[in-house]
Each structure stands twice: as C-alpha cells, then as structure tokens.
Amino acid sequence: MIPLKVLTLIVAGAAQPSVLVLQPVEDSPQGKARIVPIWIGPPEAAQVGMALESVKLARPMTHDLFLDALTNLDARVDSAVIYHAKKQVFYAHLILSQGGRLITLDARPSDAIALALRQGAPLYIEEEVLEAASFPYLYRGAQQTEEELAEFKTFLDHISPEDFGEIEGL
C-alpha cells in the first residue's frame, strides 16, 4: 500500500462534480509526481472540505455522529484504503481499530477519506490502483506562479470522467 495525501480539493458549482486530487506522500514537489483525481458530488466535497479545514459546526454532521459513535464503542478510524477502481469508480475500505482488532468496512472513498482526515488517520492506495488510475503531473519549480495554477485549474475544469476511458487491469 502506498501512503496518500490530499493535494487539493477543487469545488465546482452545485450542479457539477468536484475533484478530489490525491498524491502519493513520497512524491516530491520537485520534478515529476503522480496524481489521482476522484470526482465527487457537492455534498461529499463539502464533507471533505470541512475535514481538511477542521471545521466544527454547532450541531454534529453525519460524519461527526459516526466518529462519536465509534469513540463511544472504544473504536477509532485506523486508515482509509483505496483498493480498487473500475472505469471512473473508486472503491475504498474504512479500517477501524477496536480492542486490538481491525475491522474493514466497505465505503465510498469520499466518506472514508473525510472520516480519516477528521481523525488524523492515514490514507493509502493499493499500488496496482495507483499505477492504473493515476496521471503524471510535472511540477515546474518550488513555487508555481498564479498563471500555472490557473492553467492547471482550467485543465481540471474541462476534463470529464469520460476522458479517462476504462482503467486496464482492474
């Protein structure tokens, strides 16, 4: 399994999918890197964004309720693992730890990632999924100019899941 980090979350309009961009932790910001874009809906993007920004609301949202229930059952999120991809659909496991045992739950990647981020748990991707579902991204320097960032955002704004075709080998 390869450790992941959230590179960025690009939130689109209410009627359009957002893009959660993941990157292997060991990829250096200097030179070449791989990115894994995952299209998610507006509610899922809101939950991931709140987790990334550590937003706490006056009343618990569903993910907060789930984590509170886990805590009261002496369990916690151990990790989130993206284990499979078929076409543009990614599959994830939410791994829980309770009393010295690991419990694996099937989950949407957005939910598994939102919960793991809220609990400070690591994100992983299976190596074969990374190879099949990632795209090269070239960093041109230590700091990108606003123009380069705008160019990347334009690229993401005009790309659709259909542009990727079927992922071979999965």
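Is Tyr83 buried, partly exposed or exposed, and what is its relative accessible area? In this predicted model, local features need pLDDT of at least 70 and side-chain atom pairs count only at pLDDT 80 or more, whereas totals for chains, interfaces and linings use all residues. Residues are numbered from 1 along each chain as its sequence is written, and side-chain values use heavy atoms, with hydrogens and water left out.

Tyr83 is partly exposed, with a relative accessible area of 28%; buried means under 20%, exposed over 50%, and partly exposed in between, with a 1.4 Å probe and protein chains only. The residue Tyr83 lies in strand 4, which comprises residues 75-86. Helices (H or I, at least four residues) and strands (E, at least two) are DSSP runs, numbered from the N terminus. When neighbours within four places in sequence are set aside, the contacts of Tyr83 are Tyr91, Ala92, His93, Asp106, Glu126 and Val129, where contact means heavy atoms within 4.5 Å. Between Tyr83 and Ile125, the C-alpha to C-alpha distance is 6.1 Å, although 42 residues separate the two in sequence.

The protein chain as a whole contains 5 helices and 8 strands. Their order from the N terminus is β-β-β-α-α-β-β-β-α-β-α-β-α. The chain has 170 residues, of which 39% count as buried. Among contacts in the chain with a separation of 6 or more, 56% involve residues 24 or more positions apart.

Helix 3 is mostly covered, with 10 of its 11 residues buried. These buried residues include Pro109, Ile113 and Ala116. Gly120, with a positive phi near 70°, follows helix 3.

Helix 2 (residues 62-72) packs on helix 3 (residues 109-119) at an angle of about 60°, and their axes are 10 Å apart. Helix 2 is therefore oblique to helix 3; angles under 35 degrees count as roughly parallel, over 145 as roughly antiparallel, 65 to 115 as roughly perpendicular and the rest as oblique. Axes are lines fitted to C-alpha atoms, for helices over the stretch in contact, and angles run from 0 to 180 degrees between N-to-C directions. From helix 2, His63, Asp64, Phe66 and Leu67 meet Asp111, Ala114, Leu115, Arg118 and Gln119 of helix 3.
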